[in-house]
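Student: I would like to go through this model by question and answer. Please show the sequence and structure first.

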Amino acid sequence: MSHDMTSARKTLGIVGARGHTGAELIRLVAAHPALELVFVSSRELDGQRVVDHVDGYAGELRYASLDADAVAAQGVDVVVLALPNGKAAPYVEAIDKAKPDTLILDLSADYRFDSTWYYGLPELTRGKWRGEKKISNPGCYATAIQLSIAPLKDLLAAPPVCFGVSGYSGAGTTPSDKNDPEKLRDNLMPYSLTGHTHEKEASRHLGVPVEFMPHVAPHFRGLTVTTNLYLARKMSREEVMQRFHHAYDAEPLVQVLDEAPWVSAVAGRHHVDIGGFAVSADGKRVVVVATLDNLLKGAATQALQNINRAIGVDEFTAIPH
Ligand SMILES: NC(=O)C1=CN([C@@H]2O[C@H](COP(=O)(O)OP(=O)(O)OC[C@H]3O[C@@H](n4cnc5c(N)ncnc54)[C@H](OP(=O)(O)O)[C@@H]3O)[C@@H](O)[C@H]2O)C=CC1
Ligand SMILES: CC(=O)N[C@@H](CCC(=O)OP(=O)(O)O)C(=O)O
């Protein structure tokens, strides 16, 4: 690459890069023609080489333990916050003080309810981006829920009911029952059966109430959301499918399928599968199944779609599809 092209690349740093989503982002950014990975922070891996922790990464970078002021002092063009919920604010404040035109993308739930931040679920909200430099990335289940309901939103007779099953990478790396392979073996764990953050998030951004019942399963990555929708009028299966094809046929990262998808087929891939479309005999109830990889379309891939648009390159740059 020529010097000119190198200097035109935007610099990017990842805060909380030891985590599952951080590792996926490291891989994606390292292969990106318009981004240069400048720092990756972790307290636990301070000083260690990234190459020893992330398969598919070949560069020289090492993790560094950086507090909010140290992150701000890096002065990069793009900062990705991949921290557990509730930790973003000091970083946002320090960056705002040091370099307010920094593009900040937050993977946590911290700003998903803040209307001064752009909520980036590109297939549904890309028309609403007004050049905001602060982007909140949707939750993994919330992404699958919204994409499953949006094409039928004007036809609902009742709140859609969503049954979710996630692989345990969704629970992050902080030890808990929900990411303990021993406790998960031969098991399915229901949790947060009313009021989960993603229930509130999907309801807010769709503009209709949804009901969500999450579970965690023994597989590592990928989630399934099965949604029951009561319809205000009779619909045929063909009519329902036409709505989904119309909404998503031009979308490289959404595949509309006849069959109900299997999570094993989407693990490690960047898109969402939506299928099933089982219609009841009276034509007033439809069941839709969506699967996605929680670490990719549910987090890192969606983050890269949002960053690509904000830095002015094609939305799908460096996203295999
Ligand atoms: N996992 C998933 O499927 C998805 C996750 N998300 C969201 O993305 C974010 C990251 O998730 P995930 O990668 O799973 O999380 P992890 O638990 O795997 O990683 C969290 C990262 O944050 C760092 N960290 C933890 N506590 C602190 C702290 N108090 N101060 C500074 N750094 C800290 C950790 O590194 P160290 O301790 O070494 O500093 C680690 O790098 C979360 O907000 C999550 O909700 C969004 C969509 C999907
Ligand atoms: C299995 C599991 O625990 N999943 C997480 C979802 C992970 C995620 O994407 O959520 P946030 O970014 O909103 O935290 C959960 O239910 O909280």
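Student: Why does ligand 2 lie between domain 1 and domain 2?
Tutor: In this predicted model, the domain bounds come from an automatic or database domain assignment. The shell around ligand 2 takes residues from both parts, so ligand 2 lies between domain 1 (3-110) and domain 2 (140-294).

Student: How far apart are the centres of domain 1 and domain 2?
Tutor: The contact between them, meaning heavy atoms within 4.5 Å, takes 6 residues from domain 1 and 7 residues from domain 2. Taken over C-alpha atoms, the centres are separated by 30 Å.

Student: Which residues are the closest to ligand 2?
Tutor: A residue is near a molecule if one of its heavy atoms lies within 4 Å of it. Ligand 2 is surrounded by 14 residues. The closest are Arg112, Cys140, Tyr191, His196 and His198.

Student: How far is a polar side-chain atom of His198 from an oxygen atom of ligand 2?
Tutor: A polar contact is a pair of N or O atoms within 3.5 Å. For Arg112, a side-chain N or O atom is 2.6 Å from an oxygen atom of ligand 2, and for Lys178 a polar side-chain atom lies at 3.0 Å from such an atom. For His198 the value is 2.5 Å.

Student: How much of the accessible area of ligand 2 does the protein cover?
Tutor: Accessible areas come from the Shrake-Rupley method with a 1.4 Å probe. On its own, ligand 2 has 430 Å² of accessible area. The protein covers 83%.

Student: Which residues come nearest to ligand 1?
Tutor: There are 27 residues around ligand 1. Those that come nearest are Arg18, Ser42, Arg43, Leu83 and Asn294.

Student: How far is a backbone N or O atom of Leu83 from an oxygen atom of ligand 1?
Tutor: A backbone N or O atom of Gly19 lies 3.2 Å from an oxygen atom of ligand 1, and a side-chain N or O atom of Thr21 is 2.8 Å from one. For the backbone of Leu83 the distance is 2.6 Å.

Student: What share of the area that ligand 1 exposes alone does the protein bury?
Tutor: Taken alone, ligand 1 exposes 890 Å². The protein buries 87% of that.

Student: Which conventions apply?
Tutor: Residues are numbered from 1 along each chain as its sequence is written, while chains are lettered from A and ligands numbered from 1 in the order in which they are written. Local features need pLDDT of at least 70, side-chain atom pairs count only at pLDDT 80 or more, totals for chains, interfaces and linings use all residues, and side-chain values use heavy atoms, with hydrogens and water left out.

Definitions and conventions:
A polar contact is a pair of N or O atoms within 3.5 Å; within protein, one must be able to donate a hydrogen and the other to accept it, and residues adjacent in sequence count only if both atoms are side-chain atoms.
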